[in-house]
Amino acid sequence: MKGRIEMRHCMMLVAGLFLCVAVFSADDVKRTFWNVTTKQQLIALTFDDGPDNNCLKLMELFQKEDVKATFFVVGKKVKENPEIAKKIAEAGHEIGNHSYTHALLPQKTPEEIKKEIVDTQNAIKDATGQEPKLLRPPNLKQDDKVLAVLKELNMKSIMSSISPGDWDKKKTKEEIVETVVSKAKAGDIVVMHSWRNETLEGMPEIIKSLKEKGFKFVTVSELISNWGK
Ligand SMILES: [Zn+2]
């Protein structure tokens, strides 16, 4: 009798362990990422609202500094600047989806949400040959309708753990740099905007300071692949 109970407990323990491994190792289980749990000194710089000419300037710097970044692009802007999107992809940076019209997705119907995302996927695919795996919802706003569409499309939602608030024109270059450099820790996802010139101007300093702290700059998908490592 005693042996039987122990056997049952043992099986429950094994089942529990299996569940834990399934939850923490399969990143498909997790749909929304604010940051990534990792012991490695990795960080993901992300730039929203392109593709624009500033993306090209950023990439010049990134090539010199051996930085990989992620650009969350707006579908209708990809249609306007397909060659910039192509250059981003060719340089080995990651391209993510930032909706077609920069729409506040929770205000849309499920059909409209799907169209915003799929039209952008198609624009990016036409321009680069690649199909993004990641969405950054405009203004970081999502709801269950958005998550259902992402599940259907097998995409992840990427929020952020550091926001220097560079969308706010009152923020100075120094404030943007200070926020990123002082807050940075392993596994962080930083949200910035390519249209903001002060962000561009502060980028050499951000890269230099974070390199001094031992950081390596990776794409969001690479960061996620280091979950738990
Ligand atoms: Zn945006």
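This is a predicted model: local features need pLDDT of at least 70, side-chain atom pairs count only at pLDDT 80 or more; totals for chains, interfaces and linings use all residues.
View 1. The protein comprises 9 helices and 8 strands, where helices (H or I, at least four residues) and strands (E, at least two) are DSSP runs numbered from the N terminus. Strands are said to pair if DSSP finds at least two bridges between them. E2 runs parallel to E7 (residues 188-193), to which 6 bridges join it, and Thr-46 has Val-191 as its bridge partner in E7. Another 4 bridges link E2 with E3, also in the parallel sense; here Gly-50 stands opposite Val-73. With E8 (residues 216-217), E2 pairs in parallel over 2 bridges. Of the 9 residues of E2, 8 are buried; a residue is buried if 20 or more other C-beta atoms lie within 10 Å of its own, exposed if 12 or fewer, and partly exposed in between, with C-beta atoms placed from the backbone.

**View 2. Strands E3 and E4.** E3 (residues 70-73) and E4 run parallel and are joined by 4 bridges, and the partner of Val-73 in E4 is Asn-97. Both faces of E4 (residues 94-97) are covered, with Glu-94 and Gly-96 buried on one side and Ile-95 and Asn-97 buried on the other.

**View 3. Phe-71 in the nonpolar core.** The largest nonpolar core has 56 residues, and Phe-71 is among those with the most contacts inside it, together with Ala-44, Val-73, Ala-85 and Val-190. Such a core is a set of buried Ala, Val, Leu, Ile, Met, Phe, Trp, Tyr and Cys residues joined through C-beta atoms within 7 Å. Leaving aside neighbours within four places in sequence, the contacts of Phe-71 include Phe-47, Pro-51, Cys-55, Ile-88 and Ile-95; two residues are in contact if their C-beta atoms, placed from the backbone, lie within 7 Å.

**View 4. Packing of helices H2 and H4.** H2 (residues 53-65) and H4 (residues 82-90) pack at an angle of about 20 degrees, and their axes are 10 Å apart. H2 is therefore roughly parallel to H4, a description given to angles under 35 degrees. Cys-55, Leu-56 and Met-59 of H2 make the contact with Ile-84, Lys-87 and Ile-88 of H4. Axes are lines fitted to C-alpha atoms, for helices over the stretch in contact, and angles run from 0 to 180 degrees between N-to-C directions. Lys-57, also in H2, is partly exposed because 14 other C-beta atoms lie within 10 Å.

View 5. Most residues other than glycine have a negative phi, and most peptide bonds are trans. The bond from Gly-50 to Pro-51 is cis, with omega near 0 degrees, and Pro-51 is placed in the loop between E2 and H2. Asp-66, in the loop between H2 and E3, has a positive phi near 55 degrees. Asp-66 counts as exposed because it has 10 C-beta neighbours inside 10 Å. His-102 lies in the loop between E4 and H5 (110-128) and has a positive phi of about 60 degrees.

How values were computed
Residues are numbered from 1 along each chain as its sequence is written. Angles under 35 degrees count as roughly parallel, over 145 as roughly antiparallel, 65 to 115 as roughly perpendicular and the rest as oblique.
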